Amino acid sequence: MEIEEKLALLNYKTDNQYAHITVNPKICETCPDHFCTFACPASCYKIIDGKLNFKYEDCVECGTCDIACSHGSVTWTNPKGGQGIKYKFG
Amino acid sequence: MSEFDAIVVGAGPAGSSAAIKMANAGLKVLLVERGDPPGTKNVSGGILWGKDLSQIIPDWEKTAPLERFVERKVTSFLTADSEISIDFKTLKFSTDRTGYAVLRTRLDQYLSKKASQAGATVITGITVDSLHMENGKVLGVVNEEDTITSDCVILAEGANPRVAIKAGLRQPPGDDDVALGIKQVYKLPEATINERYNLRGNAGFAGEYVLSFLEDDVYAGGFLYTNKDSISAGVVVSLSKLRENGKTRSFDIMEKFVSHPFISRLLEGGQIQEYSAHLVYEGGYSTMAKLYGNGYMIAGDAAGFSFSNGMVIEGMNYAIASGIMAGEAAIQAKKEGDFSDQSLSRYGRMLEESYAIKDKKTFRGIEKVTWSPLVHRIIPRIAENSMMKLFNETGEPKDHVVRILLDSAFDQGISKSDLLIQGYRLMRRM
Amino acid sequence: MKKVPLDIIVMVKQVPDSQEVVIDPVTMNLNRSLTRNVTNRADENALEVALSLRDKAGGTVTVISMGPPQAETTMYECMARGADRAILVSDRFFGGADTYPTGLTLASTISKIGKFDVVVAGEESSDSSTGHVGPGVAEFLNIDQITYCSHVDYKDRHVIAERELEDGTEVVKTPTPVLVTVLLNSNFPRRQTLRRKIDAMKKGFEVWNLEKLGLPPEWVGVRGSPTIVRRMRSIKEKERAAKKFDLSNLGNLVSELYEKNILKLEED
Ligand SMILES: Cc1cc2nc3c(=O)[nH]c(=O)nc-3n(C[C@H](O)[C@H](O)[C@@H](O)COP(=O)(O)OP(=O)(O)OC[C@H]3O[C@@H](n4cnc5c(N)ncnc54)[C@H](O)[C@@H]3O)c2cc1C
Ligand SMILES: Cc1cc2nc3c(=O)[nH]c(=O)nc-3n(C[C@H](O)[C@H](O)[C@H](O)COP(=O)(O)OP(=O)(O)OC[C@H]3O[C@@H](n4cnc5c(N)ncnc54)[C@H](O)[C@@H]3O)c2cc1C
Ligand code: SF4
Ligand code: SF4
């Protein structure tokens, strides 16, 4: 099963006003490893047309990318209350 | 005057346990959880070793949302073609119960409801942004523009403790402190589960796997637990190994685990209901920070209290135990009207004397062994090799078992003395 | 100019989380065992309209909901977003209501509250999505209504609302009292705060029953409902034709869509 299909099973309350994670495109531009794209379990980090593309909407809030990125590009905060992933089982 | 005696950040097992303990003693407690309802942000495998719960909820075994108790426990090495396991089951567990499989959304809602019944004010759907501090003393919590004051704050935020990190009370974790846990829940009829795993009634299966079939140097452990009418299957991936590898994606490892021929047949016909991921603390004792100070205590995963060797993960039990102890320390502090560093050092002492820390000390450095080539590559290959030699019909007379073992090791390019030394190290740490 | 404070009432429904609704394939009923309840999303937008009107003119915002006791989470949530008062209209007699007695019950709740200038509702619920209830309440109260509003403003005892129409926007000005229904996602609902949620828990919300409303039991709930649901069928979703495209080669996608007459160029 593809990761996209797995993510489609999940319930999110997406916050359209606040992105709880942001990346600094300047830093990503020169990144030698793009480890975020391998580490993120929700495939939020992708290389498209040679550029890093990040979307917070599929994020399951694990915190991995903040550790994975060793170049200081990721700014990680908790989503605002009640927003974001809502697991059914956990 | 503070508005509350204690504010607890996070309604996981650590936070709710602390809140129940304190509210039962009459403290004015505020429990704040960002998930709505509690549990919706959390992931465990999860086997709950819940004996400490009896201290705060005497009848938890009757009232908590427990899926199945562990009757059958399997520990396996999975190579590409083989599974070598210890399969342990005992009827003794039906009287001396061990762990119970749980699902976190259910467990966490149960625990937070208990906190509310005990008299704590439970607020869900609100994220604590930061601590209100003055001269190193914690005076309350901040959300949006508001500050809520309390005599002490118990930080029980889990494995990604942003509030504690922001306040400088905890170091941000690194590759060696945490692993990435990924999990899938499969729906399967109760009868199918019972038949397939050879279970009756409320008894359950707990399988833990070393995934030595993974290519390159990606190390990961797997787990598979039965719930009432679903299965929890997951992997724990070493971040440092994933980084070294630099070309495998974490979510592909999950897929590889459930696609392994011996695992996929255990899940056959099951419909995926949920995919989830969460960090797991796995560092030994050395990663633990100072866990209290002026007006604050840190409990559960936020304090680094969980243990994982890449297969077995324990953390809910330590979370509960440390939550209760933090609660106890706050109760004493309230009696004395003193929430200083000095007074709360009581929490540190209780931890020192408890099994939670003793376990941590015993296992100090264990991650170096359990994430080693010995466990993930060498032992599985030797075992597979020897088994083939023992059971494969070649027409030639069979050697002595020990001879076969040592020869297999030699086939893997390991000297006998090396094997003995490594084996001894592992035994001592386990 | 003298500020005239507004008394605003917001109608809010608790619904099963639409992302989690599971229909039992055998009984065709909603499997509620796994489904959690949330506040109807459009009603969050309705509440935001009410709160921003109050920001402007001063006054009060009262939230009302007809529903079972578990709707308490919605009551606290609305107060934590800024509502001054919340009333849950709850009684076993109200069970099984269709849109007619739902409207009647809510209208009589509003009458019982007494003074009001503006009633705000969501455009529709996510679980039954009839969109009847708002207009129904306006009829029962015999007041004007402005439906499907994307923006609502207030000036000098008048509500000025923008309505989203198929071929444009219409701006309507109506004297109060008036009922408006608000489009889903037409604004950004303000967040709950810890301070307001603690205060809400301390203050609590009101629960009104049938007796309090003084309606005859045969007018409400299933007995007061003219509609009978005779049969339900689940729709078999047809596999849609899908095709994977390489994102790095969007040109192919465009030309294929053009060839198949799905995509048209301006000059065609
Ligand atoms: C499958 C199914 C079929 C149904 N078929 C019919 C039918 O054919 N005819 C019929 O009349 N009824 C029917 N009902 C029942 C009915 O639609 C609703 O339960 C009704 O009571 C509320 O209408 P609504 O949810 O469509 O609300 P809408 O009219 O879509 O809601 C608009 C707004 O009204 C307000 N509102 C609605 N309900 C409440 C409430 N309880 N408390 C406070 N505010 C509220 C909210 O602001 C909401 O945004 C059916 C229900 C189901 C589940
Ligand atoms: C894949 C996996 C499998 C596991 N298997 C097992 C197992 O089988 N057995 C076992 O015992 N343990 C297991 N664990 C470990 C276990 O899940 C943790 O040790 C345990 O959850 C720790 O409990 P806690 O209360 O400290 O933290 P958590 O359970 O993480 O709870 C922290 C809570 O705080 C909330 N929170 C965080 N920040 C804020 C904030 N700023 N404001 C408000 N709320 C906040 C979170 O939403 C969360 O509810 C597993 C973990 C993983 C990831
Ligand atoms: S987020 Fe970090 S790891 Fe990912 S591309 Fe940017 S700099 Fe590299
Ligand atoms: S927090 Fe986890 S899921 Fe979210 S973007 Fe980072 S790595 Fe991906």
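How many salt bridges are there between chain A and chain B?

1. The count between chain A and chain B is five salt bridges. One of the pairs is Lys41(B) with Glu61(A), whose closest N and O atoms lie 3.1 Å apart. Keep in mind that this is a predicted model, and that the distance between Lys41(B) and Glu61(A) is computed from its atoms.

2. On confidence, the model has an ipTM of 0.98 and a pTM of 0.90. For chain C the mean pLDDT is 90, with 92% of the residues at 70 or more. Where pLDDT is low, the coordinates should not be read in detail.

3. Polar contacts between chain A and chain B come to 28 residue pairs, counting pairs in which both residues have pLDDT 80 or more. Several elements of chain A supply at least two residues each to the side that touches chain B: helix 1 (3–7), helix 3 (35–39), helix 4 (64–68) and strand 6 (84–85). Sorted by class, that side of chain A consists of 19 nonpolar, eleven polar and six charged residues.

4. In terms of contacts, 36 residues of chain A meet 46 residues of chain B. The two chains, A and B, bury about 3500 Å² between them, and 54% of this area is on carbon and sulfur atoms. Of the area that chain A buries against chain B, 23% comes from Ile67(A), Tyr87(A) and Phe89(A), more than from any other three residues.

How values were computed
Residues numbered from 1 in each chain as written. Chains lettered and ligands numbered in written order. Predicted model: local features only at pLDDT ≥ 70, side-chain atom pairs only at ≥ 80, totals over all residues. Heavy atoms only, no water. pLDDT = per-residue confidence, 0-100. Contact = heavy atoms within 4.5 Å. Buried area = accessible area lost by both parts, 1.4 Å probe. Salt bridge = Lys/Arg side-chain N within 4 Å of Asp/Glu carboxyl O. Polar contact = N/O pair within 3.5 Å; in protein donor to acceptor, adjacent residues only side chain to side chain. Helix = DSSP H or I, 4+ residues; strand = E, 2+ residues; numbered from the N terminus. Nonpolar A, V, L, I, M, F, W, Y, C, P; charged D, E, K, R; others polar.
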